[in-house]
Amino acid sequence: MDIQFPCGREDIERVLPHRDPFVWMTRVVECTPGESITAELDVDPDLPLFRGHFPTHPVLPGVIIMEALAQAASFCALVDRADEGVLGFFAGIDKAKFRNQVLPGDVLTLSATIVKSSSRMVVADVEARVGDKVCATATQKYVLARSEE
């Protein structure tokens with residue numbers, strides 16, 4: 001796939017199967033396919049989830065932050081692969097830590113470094129930041145498979 005960085009939503013959707021309302025990356029700032037990525041999510045204050053999490057103090061849920069990180073890492077792992085139709089399915093999240101809240105209107109920076117990659121498994125060290133504040137870190141694992149498997 002011929003994608004130039006930085007890139008936006010159209011190119012993200014060329015690589016990932018996710019669609020609204022479950023695309024958690026706004027842009028890819030830089031990417032070395034198969035090695036590392038920096039992406040961003042503009043946290044829309046009008047997201048319906050903020051009406052319930054929490055009405056008096058809206059906060060982006062940690063599970064959404066982990067999903068955004070997984071999408072960034074999966075993009076990095078899949079963007080240069082020749083086998084289209086392969087998806088990255090969560091296989092594990094290790095050492096997850098949540099350090100700071102992500103609020104409506106924030107720009108969340110998503111970073112991933114691929115530490116292991118094979119035809120069936122990817123392991124990535126991931127970090128989410130707002131400005132210079134680390135919000136979440138983890139080691140994530142994904143199984144690569146076709147959607148019909």
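Colleague: Glad to have you here. Is Glu13 buried, exposed or partly exposed?

Modeller: Keep in mind that this is a predicted model. Buried would need under 20% relative accessible area, and exposed over 50%. Glu13 has 23% relative accessibility, so the class for Glu13 is partly exposed.

Colleague: Which residue forms a salt bridge with Glu13?

Modeller: Side chains of opposite charge can pair when their charged atoms come close. The pair has its closest N and O atoms 3.7 Å apart, and the cut-off is 4 Å.

Colleague: Of Asp20 and Arg9, which one counts as exposed?

Modeller: Exposed needs over 50% relative accessible area. Arg9 has 31%, so Arg9 counts as partly exposed. At 60%, the one that counts as exposed is Asp20.

Colleague: Which strands does the salt bridge of Arg27 and Glu40 tie together?

Modeller: The side chains of Arg27 and Glu40 meet at 2.6 Å, N to O. Each lies in a strand, so the pair ties together parts that are 13 residues apart in sequence. Arg27 itself is partly exposed, with a relative accessible area of 25%. The two strands are β1 and β2 (residues 36-42).

Colleague: Which residues do salt bridges that share partners join into one network?

Modeller: The count for the protein comes to eight salt bridges. Some of them share partners, and these join four residues into one network: Arg9, Glu13, Arg19 and Asp20.

Colleague: How many disulfides are there?

Modeller: A disulfide is a covalent bond between the sulfur atoms of two cysteines. The cut-off is 2.5 Å, and the sulfur of Cys31 is 4.1 Å from the closest cysteine sulfur, in Cys76, which is too far for a bond. The count of disulfides comes to zero.

Colleague: Are Cys31 and Cys135 buried or exposed?

Modeller: The cut-off for buried is under 20% relative accessible area. Cys31 has 11% relative accessibility, and Cys135 has 1%. Therefore both Cys31 and Cys135 count as buried.

Colleague: How far apart are the end C-alpha atoms of helix α2?

Modeller: Helix α2 covers residues 62-78 and is mostly covered, with 15 of its 17 residues buried. At 1.5 Å a residue, α2 should span 24 Å. The model agrees, because the end C-alpha atoms are 24 Å apart.

Colleague: One last thing: what is the radius of gyration of the protein?

Modeller: The C-alpha atoms fill a box of roughly 45 × 30 × 30 Å along the principal axes. Buried residues make up 42% of the 149 residues. A compact globule with 149 residues would have a radius of gyration near 15 Å, and the protein agrees, with 15 Å.

Terms used. Residues numbered from 1 in each chain as written. Predicted model: local features only at pLDDT ≥ 70, side-chain atom pairs only at ≥ 80, totals over all residues. Heavy atoms only, no water. Buried < 20%, exposed > 50% of the residue type's maximum accessible area, 1.4 Å probe, protein only. Helix = DSSP H or I, 4+ residues; strand = E, 2+ residues; numbered from the N terminus. Expected span 1.5 Å × (residues − 1). Rg over C-alpha atoms; globule rule 2.2 N^0.38 Å.
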